[in-house]
Amino acid sequence: MSACVDFEGDVSQPFAVNCGVKQGCVLAPTLFGILLSTLLWIAFPLPNGIAVSTRSDGGLFNIARLRAKTKTITVLLRELMFADDAALCSHSEAELQGMCDGFNNACYKFGQTISVKKTVAFSTNAPPPHITINESTLNTVEDFRYLGSTASFSGNLNREVDTRIGQAANLFGKLKSRAWDNKYLTKVRIYLSCVLSALLYGSEAWASHAHVERKLNSFHLRCLRKICGVTWSDKVPNLEILRRCGTTSLYSIPKKRRLRWLGHVSRMDHSRLPHQVLYGQLADGKRGRGRPKLRFVDVCKRDLKLFNIAADWEHLAQDRSAWRHKIHQGAEKLELDLELNEFARRQKRHTPCQTTAFICAVCGKHCKSKAGLVAHGRAHRR
Ligand SMILES: [Zn+2]
């Protein structure tokens, strides 16, 4: 391969490229793909990995469809590769060690080496695995960052959300002097495209609990308040802030993204892995005691209900523009519901109680509760 440098119209003499990743070469990605698929073919002769039984017909939320033994197929999750980032997954430490050995041997045969420094071992809800490659032990980590998202030992979202909020807050801080202090810019647009996109990166696949949503929303409103130059002492309600900025709360935006992704995966070809994983469940393994963990499918079901999308959503999702329109409508409805709730709550809080059992002995004010009466009593004692 040879290359030349093009600078302001002047082209240099061609020179040979003998090392490096050969960036800009059109053939290299294809060759790399061929090499790696052959390598994987040799590396894993055994059907090791995580088995998922799947069936794409019969509706996503119908649990009974996966009980039919003849209609389900089993797919194997073994290596998750994205360009030169690779992850091997397994249910047990011994199996993972076997897979690593196989992969390492195949790499050796093809003249590739695994960088032990850059490779880590990671487990969820299991003791940290002890994996060796070429007689050196891999570092074990509690949080693993893969393609920008953080997977944590406990398997929940807290660490990922904290990282996202941290990154978004960092970006927000960096833009302070350039954007937020400037009064001639459309700051909300900048916020939505720079800060919010960093905050919600990868949120399409989150199975988020209500407390995560509240956390994200309070960060969102804190940022918007700073942009508007409003502090808490100004006593401006959240609804007013959202109205001024012409945007919505962070309850509907992640839901919208999630449902858009759900539609995208359901439209995918049935032989593709994301589709098979969405429509499947682990072939073996038990659920622990206690409340079942929230899954992506459960969250999608909840979102569809909130967005008032009918049970035949799979049929609707086949038409991309109709699906988008439906999600948009649903998000508007959800926002309206939230607004009305918030308004009613505020109204209730600000209307004085007519008659209660908790009456102030000094001024005769009717308080809502005993605690309220005690708090009110302090005002007289000052
Ligand atoms: Zn009183």
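How far apart do the end C-alpha atoms of residues 358-382 lie, and what percentage of the span is helix and what percentage strand?

**Entry 1: the annotated span**

I began with this stretch, keeping in mind that I am reading a predicted model. The end C-alpha atoms of residues 358-382 lie 20 Å apart, and I noted that the span is 48% helix and 16% strand. I had picked these residues from the UniProt record, where an unreviewed entry lists 358-382 as "domain: C2H2-type". I write the name down as the record's own, and the record marks the entry as unreviewed.

**Entry 2: helix α6 beside helix α3**

Next I turned to helix α6, residues 210-228, and looked up how it lies against helix α3, residues 158-174. The axes of these two helices come within 11 Å and cross at roughly 5°. That angle makes α3 roughly parallel to α6, because angles under 35 degrees count as roughly parallel. I then listed the residues that meet: on the α3 side they are Val 161, Ile 165, Ala 168 and Phe 172, and on the α6 side they are Val 212, Lys 215, Leu 216, Phe 219 and Cys 223.

**Entry 3: helix α6 beside helix α5**

I went on to helix α5, residues 187-199, whose axis comes within 11 Å of that of α6, with a crossing of roughly 150°. The two are therefore roughly antiparallel to each other, since the term applies to angles over 145 degrees. I also noted that α5 passes α6 in a right-handed crossing. From α5, the contact is made by Lys 187, Val 188, Tyr 191, Val 195 and Leu 199, while α6 brings Leu 216, Cys 223 and Ile 227. Here I recorded 7 nonpolar residues, no polar ones and 1 charged. Looking back at my previous entry, I see that Leu 216 and Cys 223 of α6 are listed in the contact with α3 and also in the contact with α5.

**Entry 4: helix α6 beside helix α7**

On α6 the contact involves Leu 221, Leu 224, Arg 225, Ile 227 and Cys 228, and on α7 it involves Asn 238, Ile 241, Arg 244 and Cys 245. I counted the types as the structure gives them: 6 nonpolar, 1 polar and 2 charged.

Is Lys 255 buried or exposed? I found Lys 255 in helix α8, residues 253-267. It is buried, because 24 other C-beta atoms lie within 10 Å, and the term calls for 20 or more. Leaving out residues up to four places away in sequence, I noted that Lys 255 touches Asp 303, Leu 306, Phe 307 and Ala 331. For one of these, Leu 306, I also looked up the separation from Lys 255, which is 51 residues in sequence and 9.4 Å in space, C-alpha to C-alpha.

**Entry 5: two arginines**

I then looked at Arg 159, which lies in helix α3. Its 15 C-beta neighbours inside 10 Å are why it counts as partly exposed. Once residues up to four places away in sequence are left aside, Arg 159 touches Asp 143, Thr 150 and Ser 152. From Arg 159 to Ser 149 I noted 10 residues in sequence and 9.9 Å in space, C-alpha to C-alpha.

Arg 145 lies in strand β13, residues 143-146, and is partly exposed, with 13 other C-beta atoms within 10 Å. Arg 145 and Arg 320 are 175 residues apart in sequence, and their C-alpha atoms are 32 Å apart in space.

**Entry 6: two loop residues with positive phi**

Finally I checked the backbone of two loop residues. Leu 147 is found in the loop between β13 and β14 (149-152), and has a positive phi of about 55° although it is not a glycine. Leu 147 counts as exposed because it has 11 C-beta neighbours inside 10 Å.

Asn 308 sits in the loop between α10 (296-306) and α11 (313-317). Asn 308 is not a glycine, yet I read a positive phi of about 60°. With 12 C-beta neighbours inside 10 Å, Asn 308 counts as exposed, because the term covers 12 or fewer.

How values were computed:
Residues are numbered from 1 along each chain as its sequence is written. This is a predicted model: local features need pLDDT of at least 70, side-chain atom pairs count only at pLDDT 80 or more; totals for chains, interfaces and linings use all residues. Axes are lines fitted to C-alpha atoms, for helices over the stretch in contact, and angles run from 0 to 180 degrees between N-to-C directions. Helices (H or I, at least four residues) and strands (E, at least two) are DSSP runs, numbered from the N terminus. Angles under 35 degrees count as roughly parallel, over 145 as roughly antiparallel, 65 to 115 as roughly perpendicular and the rest as oblique. Two residues are in contact if their C-beta atoms, placed from the backbone, lie within 7 Å. UniProt positions are given in the numbering used here, feature names are shortened, and annotations may be inferred rather than shown by experiment. Ala, Val, Leu, Ile, Met, Phe, Trp, Tyr, Cys and Pro count as nonpolar, Asp, Glu, Lys and Arg as charged, and the others, Gly among them, as polar. A crossing is left-handed if the near helix is turned anticlockwise from the far one by less than a right angle, and right-handed if clockwise.
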